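Hi,

Here is the structure I promised to pass on. Have a look at it first, and my notes follow below.

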Amino acid sequence: MIEVMRLAGPPAILVVEGTAKAQEHCDAYDGGAREFEFDPLIYGDATVKQELVAMHHGKCCFCESKVRHTGPGTIDHYRPKAASQQEAGAPFRRPGYYWLAYDWDNLLLVCVICNQTCKRNLFPLQNDGRRALSHLHPLHEEEPLLINPTRENPADSISFREEYAFALNGNDRGRITIELLKLNDRSDLVERRREWIRVLRVLREVLMLFPHSPTAVEVQQILGETVLDTAEYAAMSWCFLH
């Protein structure tokens, strides 16, 4: 995971239609409703997806896999809109964060596996008793355990030993994020990272053995590109090379 900057403001459809729809949900809650019909044509609009793809460099914000190789990627709500769970197997808390369904700051670009297989409705807090259960409750009292790469730098909590992620100093947020997203348990993902480590190792050894060869500059440039935000598995590459 790398830190992701929201450089652009919310797309117009979220400002206009999204704000109006969120207000409808809040009014319905005040009137006694506890279930809501969400409009994916608003938060899933092409303009929203385009901004998210650009902002995330076409990568899943959690596992850093390029999501556009085989599909369009999915839009995830950091705080789940319909229901939330403290942990797998725990009761669902309903309603979810319905008032944030169209909130730009709550939308992320993720791969299908991170979204639908791993994260789902999970949103653990340090203290589940402080969970905001409606738009009337303060969000600032929550202490989310799932790292949000658009609000913080994941490198403060998660590092890598070659292809495996680990929590720095055993911190809970790093550990829970790794476990929740199964960053070390998905064999295809780990193997893809392992293959990339092999490439990095060879390139580094070539540069060390032949620092003055005609290709040394090109090899160094390639290694430099592997740690750019646009590169797949940039966080892991940075840890390996440094």
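One aromatic cluster brings together Tyr29, Phe36, Phe38, Tyr78, Tyr97, Tyr98, Trp99 and Phe123. Keep in mind that this is a predicted model.

Searching the whole structure turns up 8 aromatic pairs. One of them is Tyr29 with Tyr98: the ring centres are 5.4 Å apart and the planes sit at 20 degrees, so this pair is stacked. Tyr29 belongs to helix 1 (residues 12-30), while Tyr98 is in the loop between strand 1 (74-77) and strand 2 (107-110), so the pair links parts of the chain 69 residues apart. Tyr29 counts as buried at 14% relative accessibility, and Tyr98 does too, at 0%.

Tyr78 and Phe123 meet in another way: with centres 5.0 Å apart and planes at 85 degrees, they are edge-to-face. Tyr78 is buried at 4% relative accessibility, as is Phe123 at 0%.

Arg34 lies over the face of Tyr29, 3.7 Å from the ring centre, and the charged end of Arg6 sits over the ring of Trp104, 5.1 Å from its centre.

What about disulfides, how many are there? The count is 0. The cut-off is 2.5 Å between sulfurs. The sulfur of Cys63 has its closest cysteine sulfur in Cys60, at 3.8 Å, which is too far for a bond. Likewise, Cys114 has its closest in Cys111, at 3.6 Å, also too far.

Cheers

Note on methods
Residues are numbered from 1 along each chain as its sequence is written. This is a predicted model: local features need pLDDT of at least 70, side-chain atom pairs count only at pLDDT 80 or more; totals for chains, interfaces and linings use all residues. Side-chain values use heavy atoms; hydrogens and water are left out. Rings of Phe, Tyr and Trp (its six-membered ring) pair if their centres lie within 6.5 Å; planes under 30 degrees apart count as stacked, over 60 as edge-to-face and the rest as tilted. Helices (H or I, at least four residues) and strands (E, at least two) are DSSP runs, numbered from the N terminus. Buried means under 20% relative accessible area, exposed over 50%, partly exposed in between (1.4 Å probe, protein chains only). A charge sits over a ring if NZ of Lys or CZ of Arg is within 6 Å of the ring centre and within 35 degrees of the ring normal.
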